[in-house]
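Take a look at the model below. This report walks through its strands, its charged pairs, its rings and a patch on its surface.

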Amino acid sequence: MAHLTFTEADHARIAKAIRSAEATTTGEIYAVFARTSDAYVFIPATVALALSLVAAFITALLAPLAGFAISGLALVTSQFAATLLLLALFAAVPSLRMMFVPRPIAEDRAHRMALAQFFAHNIHVTAGRTGVLVFVSEAEHYAEIVADAEIAAKVPQEAWDAIVADLIAAARNDRLAEGYVQAIGAAGAILTAHFPGDHANPNEIDDRLVEI
């Protein structure tokens, strides 16, 4: 993915797509975009320490062969400095930090963030338990659709997986705003099929994209 951004026009398009999708269903759709789902502090710290230890070990082995004498204090000091330098580099370049985050950990953190956003925005308290969250986390290259209990009971996960795959593809091609619009439209079609709208169809959740 390129660094993803949304213009005011993009926000307006996504809000309009939500309103349109909800016009024919009692379901509610909410969209969230996260830059990252975790700070992953433990990952860069572990990697920086490990790399500095390896570098110090190699230096200690090769220095005598090259005719150099390195004191223990100099070795420890250089190791400490290298660790701080690597930590600063990881902090300044998030994409570099993410290269060292194991994929299962990244997916777990993003999934937890999606669930946290689902509950934080009260998507779980709609009258018919028919709320849907369309979630993307940029750093983890992760997308997910979280559906409330009544929807999950009727709609197979495979239906959401297909929408998510298209959403991720759009993000990779720097078309995330369009991806959201398409995902919302597809989700709306599924909701309409299972939870068609009626004359008493209040809008329980704001129609918008939230960036965090």
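## The hairpin

Start at the hairpin of S2 and S3, which has four residues between the strands. There, His141 takes a positive phi near 50°. The model is predicted. Strand S2 covers residues 131-137, and strand S3 covers residues 142-147. The two run antiparallel, joined by six bridges.

Ala31 has Val134 in S2 as its bridge partner. Ile29 stands opposite Val132 in S2.

## A covered strand

Is S2 mostly covered or mostly open? It is mostly covered: seven of its seven residues are buried. In a regular strand, side chains alternate between the two faces of the sheet. Both faces of S2 are covered. One side holds Gly131, Leu133, Phe135 and Ser137. The other holds Val132, Val134 and Val136.

## Charged pairs

Side chains of opposite charge can pair when their charged atoms come close. How many salt bridges does a search of the whole structure find? It finds ten. One of them joins Glu138 and Arg35, with the closest N and O atoms 2.6 Å apart. Glu138 lies in the loop between S2 and S3, and Arg35 in the loop between S1 and H2, so the pair ties together parts that are 103 residues apart in sequence. Glu138 is buried, at 8% relative accessible area. Arg35 is partly exposed, at 28%.

Arg35 also forms a salt bridge with Glu211, where the closest N and O atoms are 3.8 Å apart. Glu211 lies in strand S4, so this pair ties together parts that are 176 residues apart in sequence. Glu211 counts as partly exposed, at 35% relative accessibility. Elsewhere, Arg208 and Asp206 meet in a salt bridge of 3.9 Å, N to O. Arg208 counts as partly exposed, at 38% relative accessibility. Salt bridges with shared partners also join Asp38, Asp108, Arg109 and Arg112 into one network.

## Aromatic rings

A pair of aromatic rings is described by the distance of the centres and the angle of the planes. The count of aromatic pairs comes to three. Why is the pair of Phe118 and Phe119 edge-to-face? Their planes stand at 90°, and planes over 60 degrees apart count as edge-to-face. The ring centres are 5.5 Å apart.

Phe118 is buried, with a relative accessible area of 4%. Phe119 is partly exposed, at 48%. Ring pairs also link Phe6, Phe33 and Tyr180 into a cluster.

## A nonpolar patch

Which residues form a nonpolar patch on the surface? They are Val54, Phe57, Ile58, Leu61, Leu62 and Leu65. Together they have about 640 Å² of accessible area. Leu62 has its place in helix H2, which covers residues 42-65.

Notes
Residues numbered from 1 in each chain as written. Predicted model: local features only at pLDDT ≥ 70, side-chain atom pairs only at ≥ 80, totals over all residues. Heavy atoms only, no water. Patch = residues over 30% accessible without salt bridge, like charges linked within 9 Å, V, L, I, M, F, W, Y side chains within 5 Å. Areas by Shrake-Rupley, 256 points an atom, 1.4 Å probe, with all protein chains shown as cover. Salt bridge = Lys/Arg side-chain N within 4 Å of Asp/Glu carboxyl O. Buried < 20%, exposed > 50% of the residue type's maximum accessible area, 1.4 Å probe, protein only. Pairing = 2+ DSSP bridges. Phe/Tyr/Trp six-rings, centres within 6.5 Å; stacked < 30°, edge-to-face > 60°.
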